[in-house]
Amino acid sequence: MDFPPPAHPGPAEDQLLVLQGNHRSSFVWEGQLPMQPLRPRRLDDLWEFIGEHPFHARIVARLQATCFYTIFELGRMQLDWSLITALVEWWRPEMHIFHLPTGEATITLEDVQVLYGLRVDGRAVALPQYIRSMTRAQFLDMMMHFTSYRPQGDAGGSRVALSAIRDHMAFLHPDITGEMEDLHIERYTRLALLLLFGCVLFPNTSVSKTLNKTSSESCPHTHPTIQMKHPSKSTWSRAMR
């Protein structure tokens with residue numbers, strides 16, 4: 001009986017897989033990767049902060065109006081990192097698709113809508129050109145205007161420390177009351193959303209920073225977040241996907 005030749009573990013054709021040389025699967029096949037599962041670069045202490053500084057009912061109402069409060073309600077999720085590690089080996093970054101033995105699969109807008117309750121239709125989340133051309137000092141001035149918080153110094157590129165935002169929110173928290181002006185409630189809500197984006201939805205490799213301007217490497221989340229222009233009507237599912 002003739003037996004079929006042994007299966008090759010790698011792709012049969014790799015002309016389109018331009019990133020295969022740095023793909024995790026290549027190192028797995030060559031025995032160069034340790035066996036421990038991947039770990040995320042994420043600031044999970046956001047949930048400890050919220051536990052210690054629970055949102056006032058007026059802040060909750062504003063967050064519900066933005067459609068992001070569901071994510072705050074979900075809190076920290078228990079994730080199976082071994083499963084995620086295995087899935088990473090089947091992920092093709094060139095096409096944003098999982099190539100599984102059963103066929104191709106990917107993350108859809110419906111997935112994000114079902115999990116987080118975010119819209120899949122509406123206004124596209126995009127950053128205006130005038131924001132892209134701002135200097136850091138100009139952007140921080142805008143941040144001061146919309147959140148009442150301006151990080152110290154104009155150096156540091158396009159990033160703002162998340163820990164500094166949390167410290168400022170902790171300072172403001174005792175003053176959030178039913179009698180506080182709406183302007184201050186909106187500013188506190190914007191800071192809470194910036195923490196959500198920087199810690200959970202769009203974490204980056206800097207661990208302790210959140211991007212405040214959009215370049216080719218970052219996400220266009222801060223402009224609509226800071227200005228609070230119809231966030232509940234924006235297509236956030238597409239941005240997160």
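Serine 148 is placed in the loop that runs between helix H8 (136-147) and strand S4 (159-161); here helices (H or I, at least four residues) and strands (E, at least two) are DSSP runs, numbered from the N terminus. The model is a predicted one, in which local features need pLDDT of at least 70 and side-chain atom pairs count only at pLDDT 80 or more, while totals for chains, interfaces and linings use all residues. Residues are numbered from 1 along each chain as its sequence is written, and side-chain values use heavy atoms, with hydrogens and water left out.

Serine 148 has a phi near 70°, a positive value in a residue other than glycine. With a relative accessible area of 24%, serine 148 is partly exposed; buried means under 20% relative accessible area, exposed over 50%, and partly exposed in between (1.4 Å probe, protein chains only). Cysteine 67 belongs to the loop between helix H3 (57-66) and helix H4 (69-74), and its relative accessibility of 15% makes it count as buried.

Turning to the chain as a whole, there are twelve helices and five strands. Of the 241 residues in the chain, 38% are buried. Among contacts (heavy atoms within 4.5 Å) between residues at least 6 apart in sequence, 70% join residues at least 24 apart.

Three of the strands form an open sheet in the order S1-S2-S3, with antiparallel pairing; two strands pair if DSSP finds at least two bridges between them. S1 and S3 are the edge strands, each pairing on one side only. Strand S1 (residues 91-92) is joined to strand S2 (residues 97-100) by two bridges in the antiparallel sense, and tryptophan 91 stands opposite phenylalanine 98 in S2. The two strands form a hairpin with four residues between them, and in this turn histidine 96 has a positive phi of about 55°. On the other pairing, S2 and strand S3 (residues 103-105) run antiparallel and are joined by three bridges. Here phenylalanine 98 stands opposite alanine 105, while histidine 99 has glutamate 104 as its bridge partner. S2 and S3 also form a hairpin, with two residues between them.

Among the helices, a pair in contact can be examined in some detail. Two packed helices are described by the angle between their axes and the distance between the axes. The axes of helix H9 (residues 162-172) and helix H10 (residues 182-201) come within 10 Å and cross at roughly 150°; axes are lines fitted to C-alpha atoms, for helices over the stretch in contact, and angles run from 0 to 180 degrees between N-to-C directions. H9 and H10 are therefore roughly antiparallel to each other (angles under 35 degrees count as roughly parallel, over 145 as roughly antiparallel, 65 to 115 as roughly perpendicular and the rest as oblique). The contact is made by Leu162, Ile165, Arg166, His168, Met169 and Leu172 of H9, together with Tyr188, Leu191, Ala192, Leu194, Leu195, Gly198 and Cys199 of H10. These residues divide into ten nonpolar, two polar and one charged, where Ala, Val, Leu, Ile, Met, Phe, Trp, Tyr, Cys and Pro count as nonpolar, Asp, Glu, Lys and Arg as charged, and the others, Gly among them, as polar.
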